[in-house]
Amino acid sequence: MSRAEIFEMGPRDGLQNEKRRIPAAEKIALVDLLSRAGFRRIEVTSFVSPKWVPQLADAAEVMAGITRAPGISYAVLTPNMKGYEGARAARADEVAIFASASEGFSRANLNAGIAESLERFAPVVAAARADGIPVRGYVSVVTDCPYDGPTPPANVARVAAALRDLGCYEISLGDTIGQGRPETVDAMLSAVLQELPPERLAGHFHDTAGRALANVDASLARGLRVFDAAVGGLGGCPYAPGAKGNVATEAVAAHLAARGYQTGLDPAVIDSAAMMARAMRAGGE
Ligand code: HMG
Ligand code: MG
């Protein structure tokens, strides 16, 4: 069987959009359960402005409260140096910077255009490299933007190349609002693969339109083997109107298995975590 990896996003991309203020203890319990599932990487939280994303204002508390399992990289989002300092103090194993393929989404999500956001990320990557902390990069709205419309594939390739040039070890390509189709994902990948090999790319699909698994297939066909997903299909993005959940980890794991890819995940633990995630969401309704 071939290998494929799921990078668990639930605690970060999942919980950043929940209306209910979820206690840190519940987030810690979710991460600790996920640590038993077989993931190599788990995105735990974000060191972003609490005014922008109040849901993750407890980032330091959550990072301090989790029980780290050996061999797992506990990742956090860092939009600027202030966020990086928080991540370093919290002993994050890796950090992620997040750029946009469209100007409209960049302004809504980071209060800066694409070029300015990349300028802000440069010192973050330099500091992380000096500290020996790997940096992952995201490109958002890779097929469709809620503000600017369809995203030209060349723009995604340009931003992905810029993140590579800054020093990101892997670039995750985000269909932030879940409007991508296998055809648009394929066209986007065709452009990005001119800049980066598939081993350095990941697919990050939201399932708003129910096409995430088809988009996983389009990515597999282009050689990608890493997919971001969230247990229980948690998720959304506060600055992406209409972004529903990330594609569910349990759905991607089953889908990959049916196509002959082993993820190394324990289905029983994933199911318990999905139940916990759904209960967290239901608690707010
Ligand atoms: P800004 O308002 O322009 O920032 O926001 P600023 O530098 O002018 O600072 C304003 C205030 O925020 C100051 O506090 C700063 O100290 C504070 P005040 O003096 O007013 O009390 N501040 C911070 N506090 C804590 N941590 C920080 C930080 N930075 C500044 N790191 C900023 C600019 C980038 C900070 C803001 O826009 C922000 O935090 N944005 C993050 C938004 C976000 O997290 N979005 C969701 C993640 S992206 C996503 O979900 C997509 C993804 O899943 C992939 C996909 O689906 O496509 C990754
Ligand atoms: Mg996302």
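Visitor: Is S100 buried or exposed?

Guide: In this predicted model, S100 has 32 other C-beta atoms within 10 Å. A residue is buried if 20 or more other C-beta atoms, placed from the backbone, lie within 10 Å of its own, exposed if 12 or fewer, and partly exposed in between. S100 is therefore buried.

Visitor: How are residues and chains labelled, and what confidence is needed?

Guide: Residues are numbered from 1 along each chain as its sequence is written, chains are lettered from A, and ligands are numbered from 1 in the order in which they are written. Local features need pLDDT of at least 70, side-chain atom pairs count only at pLDDT 80 or more, and totals for chains, interfaces and linings use all residues.

Visitor: Which residues is S100 in contact with, leaving aside its neighbours within four places in sequence?

Guide: Two residues are in contact if their C-beta atoms, placed from the backbone, lie within 7 Å. For S100, these partners are F105, S106, N109, I114, S140 and V141.

Visitor: Which element supplies the largest share of the shell around ligand 1?

Guide: There are 27 residues around ligand 1, each with its C-beta atom, placed from the backbone, within 6 Å of it. At least two residues each come from α4, α5 and β6. The largest share, 3 residues, comes from α4.

Notes
Helices (H or I, at least four residues) and strands (E, at least two) are DSSP runs, numbered from the N terminus.
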